[in-house]
Amino acid sequence: MSSDSENTNHARKSETVYDELEKLISSVDADEKELKMKMEKKKSNGKENKIKESNGLADLKNENELKNKNELEDKTVTMKNENGNEEKRINEDDNHLESKDSQNNSEDGKEELELSEMIVCDEVAGDSDEDDNKIEIEATITNDKDKYERDTKKIKKDSKEKESNKKKYDKKSDSKSKDRSRKEDSKRVDKKRSRTPSKDRSSKDSSLKKRSKVSDKEKESKKLRELDKFWQTVRDDPSDFIGWTYLLQYVDGAKNIEAAREAYDAFLDLYPYCYGYWRKYADYERKNGTKENCEKVFDRGLKAIPLSVDLWIHYMGYMKSAYPDDEDMIREQFERAVEACGIEFRSDRLWDHYIKFELECKQYSRVTDIYERLIATPTHGFLNNFECFKDYVKKYPKNKILEAVKFLELRKEVLAEIKEAEAKKSHGRKIDSGSDSDDMADPIEQRTKEENLMKERMISSRMVIHKNTAEMVALRLPYEEMIKRPYFHVKPLERSQIRNWKEYLEFEISHGNYKRIVVLFERCLIACALYEEFWTKYVSYLESLESDDQEVKDRIEDIYIRACTVHHKNKPGINLTWALHLENNGQYDKAAQILDMLDSVSPDKKLIIQRRINLERRRNCNDRVCELYEHYISTANSSLTSILLTVKYARFVWKVRIL
């Protein structure tokens, strides 16, 4: 409002100036009136333009100021409720801007007064030159233009500053308003919860539970889909060993006991020599299943691969943790382990665990018995085993490490030796001195002498056994060093490895130790399970014994079952020999089933066809022989095979059926 009043005062002052000029001009001579009237018209036109321009600038300024003021006033009204300090700042900024505008307006008014006074002075001076007037008018126009440009620049700067201030205030106000709105929303939610009855709450809780159940079901369905994908790969190709490993890894991560059991059982039925997966299966049952299931898995694994030292050690660790107070049962399991794989060339760690257990139980006489057995066994660490035995003998007293009977016998031998040595010494002294007197021996020295002699006697008596063991190890060490892969894997072996196993088996068979031969064959079958020739070699060795021992017969049957039902299901060679073995033992039905299976796997094989027919002929099933001949003649894949079968069929009818 102050700027509007200043503009009106300025306009009044300019009007009074023009009235005085007209009075002065009217008093000038008549001759000069015409010239002056012309000049006045020109001047009056220029003045009107100036006034219009100045009024236009003022109007523009006023409009921008009014807009800015209205916007700031609206903003301050919204900001008053939020923060009083911000309202004060905005008011201070508005006052500052109004003062700036008033100063600019006052400066514009002063400049216009100066221009009008200059014009009045020029007119009073009576300059009648048109050129001077033109120059002055142009100068005033250029000055007005410069002022206009300056004013517009100032207005733009002020507007930019105001906009930047507005943005700052808007950001602050938005952040604070958001925080307040969040707080208000949380308060409203709390109020609604407090107002809502318990039924509504229970309904909401039930809906949340339903959603969680739905999400759990979705997760389970996804897991089942992934599990089906892993299963599909191994169903398409059961020999895909890597696919099986991926399936077992997934099952270990997924907490589904039934799925894990199904996967492990299926895998270990195909690859029972993978001792590492028996360990994993047992550990899985130990964590997620029951104690009984864990022990069942261990029993199955140890039956499938009894020569696995690592599996036995893992099993004994489980037994010690599961039954810490039952020493007798743990001792029985250790004896079972040593009996199964104690002869294995790399079984030293198992013996060490057994010795450590007995030392913890302070059964020193048992430790001595274990060392005696270990020293006589040719293993990879035979030298270290004997050194440990010597340290053990030197460390503990002999009445503890030996049984009472053995200790007394050893002591009697040692005392007799001491008496003989002392008698020789005393006899020599009598000859030298010629006197019968003898000094009494010190009892402590006597006891230490006994201890030392007993140690020497125990070690020296085992030295002969140790030498024999060293000779056995020296004979077998070249073959053992050539074994690069003693464990099972689906990858084929190198030819040098296969040759080494054959030579090693021939060497052991030549020495004739049945137990060592069997253990070496079992070790060989772990590494060479996918090679049919080693299974047939093992059976031929056992059959060459021509023993009526039931153990040998059961072992032969077990070899055929493992070879033909696990590792070589569809190979005709070993399955035909198994069928023949069953037929020789009078098990015709089992032999017929095996031949029928081979016929379905590999049809149109002449050898299998002939074996089936001859089996039925030998057990006097002539009707079945005729059925088989007619079936194979009608389904023969070539005319030659049908002709050959027809000839044999005719011969059978002529020689058997007619007669």
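Reader: Is D599 buried or exposed?
Author: This is a predicted model, in which local features need pLDDT of at least 70, side-chain atom pairs count only at pLDDT 80 or more, and totals for chains, interfaces and linings use all residues. Residues are numbered from 1 along each chain as its sequence is written, and side-chain values use heavy atoms, with hydrogens and water left out. Buried means under 20% relative accessible area, exposed over 50% and partly exposed in between, with a 1.4 Å probe and protein chains only. D599 has 12% relative accessibility, so D599 counts as buried.

Reader: Which residue has a side chain in polar contact with that of D599?
Author: A polar contact is a pair of N or O atoms within 3.5 Å; within protein, one must be able to donate a hydrogen and the other to accept it, and residues adjacent in sequence count only if both atoms are side-chain atoms. Contact in general means heavy atoms within 4.5 Å. Leaving out residues up to four places away in sequence, D599 touches D604, I608, R612 and Y632. The polar contact of the D599 side chain, at 2.9 Å, is with R612.

Reader: How many disulfides are there?
Author: A disulfide is a pair of cysteine sulfur atoms within 2.5 Å. C361 is buried at 16% relative accessible area, and C564 is buried at 4%. The disulfide count comes to zero.

Reader: Which element gives the largest share of the lining of the second largest cavity?
Author: On a 1 Å grid over the protein atoms alone, a cavity is a set of points where a 1.4 Å probe fits but cannot get out, and lining residues have an atom within 4 Å of a point. The second largest cavity holds about 60 Å³, a volume being the space filled by probe spheres set on points joined across faces, edges and corners. Elements giving two or more residues to its lining are α17 (443–482), α18 (495–511) and α19 (514–527). The largest share, four residues, comes from α19.

Reader: What percentage of the chain is buried?
Author: The chain has 26 helices and zero strands. Of its 659 residues, the buried ones make up 34%.

How values were computed. 1 Å grid on protein atoms, 1.4 Å probe; cavity = no way out; pocket = protein on both sides within 12 Å on 5 of 7 lines; lining within 4 Å.
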